[in-house]
Amino acid sequence: MRQVLLIVLGLSASGSAAQDAPPGATTCSGCHGAGSSLPLDALTAEDIVTAMAAFRDGTRAATLMPRLAAGFSDAEIAAIAAWIAAQEDGQ
Amino acid sequence: MTLDRRRMLALACGATLAAALSRPLAAQDRGRVVVVGGGFGGATAARMLARFGHDVTLVERNAAYVSCPGSNAVLGGFDSMATLTFPLAGAVQDNLRIVQDAAVDVDPVAGTVTLAGGEVLPWDRLVLSPGVDMRYDVLPGYDEAAAELMPHAWKAGPQTTLLRAQLEAMEDGGIVVIAPPENPFRCPPGPYERASLIAHYLSQTKPASRILILDAKETFSKQPLFTEAWDRLYPGMIEFRPPSFGGRVVAVDAATRTLVTDFGDVIAAVANVIPPQRAGAIAAIAGVVDETGWCPVSGVTFESDLVPGIHVIGDACAPGAMPKSAFAANAQAKVAAQAIDALFRAATPPDPKLVNTCYSLAAPDHGFTVAGVYQTVDGKLAEITDAGGLSPLDAPAEVRALEAGYARSWYAAITHEAFGV
């Protein structure tokens, strides 16, 4: 647990502040922010990475997300997922 | 910490995304920002910059913002003006200063905005999110007085109420004409969603009526999806007439509701003329508009190509490939706010990626989307060609109903982020 906490604190110091959102990350709340029927609040970074990979390779069907996931690389998705998860933990 | 505990904590905290975890701002990095325009772009940018710790003043001429997204549902008879109306509560929550007044002058050298009431606001960076103004100098016969007889309803508010009243007063068997402009304009799929939702209303109440789209364009946004929906939901009711079939309106006579085309006159029972548009007037006063009528800006910072220190977001800006939509304005606002914060800290703004998603309804339970992902190429936004695109054709009704539900979810989320209610 201490290790996880340290990692979270490390992220906060080095790049999880809202001002340091990685490319693409702030767009998500336009659909998934407060008030949405599809909130991301309960998802971990790993959940988000897994979902985006499945949208992109076609193994998870959805109305819209496969078309958006196709525009992001693995590294971009990993950074976005870590940032979103860190925002939630920090609240 | 276990996964379950993390999930529970996150749930219990009701986390929102962009609202979270602002880094403390050093006093010397705190900037003065004036944001003009309290719509989807301006309200979002102002709140985010205030949360970052900057000194933000939001200038908006109206006490409440009336949302264009959703206004076609009012015309279709299944939503109310009240649901489109947002007082600037979010700005209050985030402790920004709100001034209800019109910006009438900008001095980019002194770094000031002058308001109609006489107040002069100093800024280190200015954000303009002025939306669009209708152009009354293009279509002969269509001026502000004509818009009271042939409403454009392309800014939600009294014009929406007027067009709805005309539709209600119309007798069965009348022709409703919708005349959309050439590209670019606010909300490219909007006229065709409007045709759909007016058809939804007429098919229930005045089924002998028809809708004629007299278009200045040969093709339009989401055309295959709209055409499929019209054939399925309103067979024979909506006709699309492009310029090659005499659809271009070259003049109007508002008193007789006559639309003049190269192939003859059309007399409408209700005429919805959507004129060409340009950036809201304060943008031209500030000197950030080029010969196109729009504001060329960086796709990284949304800073004007013409006047340093002034950023333009939303429908008024031309950052490259993005369409003029509420979704785009909100996404651009967040990128611009992040870039402005970086500039105040003497940091280099990162190259952003942006997303646009436009939902359209063809009926209350029939929705579909166009989406795009954008990245910067030589400082301007370019669409990534192997991402985005349209909802699939031939989808079952359940999928269309699912997207209609997601459209409502999107509206709840974006209005909450922009307006705080």
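This is a predicted model: local features need pLDDT of at least 70, side-chain atom pairs count only at pLDDT 80 or more; totals for chains, interfaces and linings use all residues.
Residues are numbered from 1 along each chain as its sequence is written, and chains are lettered from A and ligands numbered from 1 in the order in which they are written. Local features need pLDDT of at least 70 and side-chain atom pairs count only at pLDDT 80 or more, while totals for chains, interfaces and linings use all residues; side-chain values use heavy atoms, with hydrogens and water left out.

Strands of a sheet pair through backbone hydrogen bonds, either parallel or antiparallel. Helices (H or I, at least four residues) and strands (E, at least two) are DSSP runs numbered from the N terminus, and two strands pair if DSSP finds at least two bridges between them. In chain B, five strands form an open sheet with parallel pairing, in the order S5-S2-S1-S9-S20. Strand S5 (97-100) and strand S20 (310-312) of chain B each have a single partner strand, so one side of each is left without a neighbour in the sheet. With direction ignored, neighbouring strands are turned by 20° against each other on average. Strand S9 (residues 125-128) of chain B runs parallel to S20(B) and is joined to it by three bridges; B:Leu126 has B:Ile310 in S20(B) as its bridge partner.

Angles run from 0 to 180 degrees between N-to-C directions, and axes are lines fitted to C-alpha atoms, for helices over the stretch in contact. Helix H2 (residues 40-52) of chain B touches strand S1 (32-36) and strand S2 (55-60) of chain B, and its direction makes about 160° with that of S2(B). Helix H9 (residues 326-344) of chain B touches S1, S9 and S20 of chain B, at about 170° to the direction of S9(B).

Another open sheet in chain B has three strands in the order S14-S15-S16, with antiparallel pairing. Its edges are strand S14 (249-253) and strand S16 (264-267) of chain B; each has a single partner strand, so one side of each is left without a neighbour in the sheet. The twist averages 25° from one strand to the next. S14(B) and S15(B) are joined by four bridges and form a hairpin with four residues between them. B:Arg257 in that turn has a positive phi of about 50°. Four bridges also join strand S15 (residues 258-261) of chain B to S16(B). B:Val260 stands opposite B:Ala251 on one side and has B:Asp265 as its bridge partner in S16(B).

Two packed helices are described by the angle between their axes and the distance between the axes. For helix H5 (residues 158-169) and helix H6 (residues 190-205) of chain B, the angle is about 40° and the axes are 11 Å apart. B:Leu163, B:Arg164, B:Leu167 and B:Glu168 in H5(B) meet B:Arg194, B:Ile198 and B:Tyr201 in H6(B).

Most residues other than glycine have a negative phi, and most peptide bonds are trans. B:Ala153, in the loop between strand S10 (132-134) and H5 of chain B, has a positive phi near 50°. The peptide bond from B:Asn183 to B:Pro184 is cis, with omega near -5°, and B:Pro184 lies in the loop between strand S11 (175-179) and H6 of chain B.

On a 1 Å grid over the protein atoms alone, a cavity is a set of points where a 1.4 Å probe fits but cannot get out, and a pocket is an open set with protein on both sides within 12 Å along at least five of seven lines; lining residues have an atom within 4 Å of a point. Grid points are joined across faces, edges and corners, and a volume is the space filled by probe spheres set on the points.

The structure holds two cavities of 30 Å³ or more. The largest cavity has a volume of about 130 Å³, and of its 17 lining residues the closest to its centre are A:Pro23, A:Gly24, B:Val335, B:Gln338 and B:Pro352. H9(B) gives the largest share of this lining, four residues.

The second largest pocket holds about 790 Å³ of space. Among its 33 lining residues, A:His32, A:Leu38, A:Leu40, A:Phe55 and A:Met65 are the closest to its centre. The largest share of the lining, five residues, comes from H3(A).

Definitions and conventions
Contact means heavy atoms within 4.5 Å.
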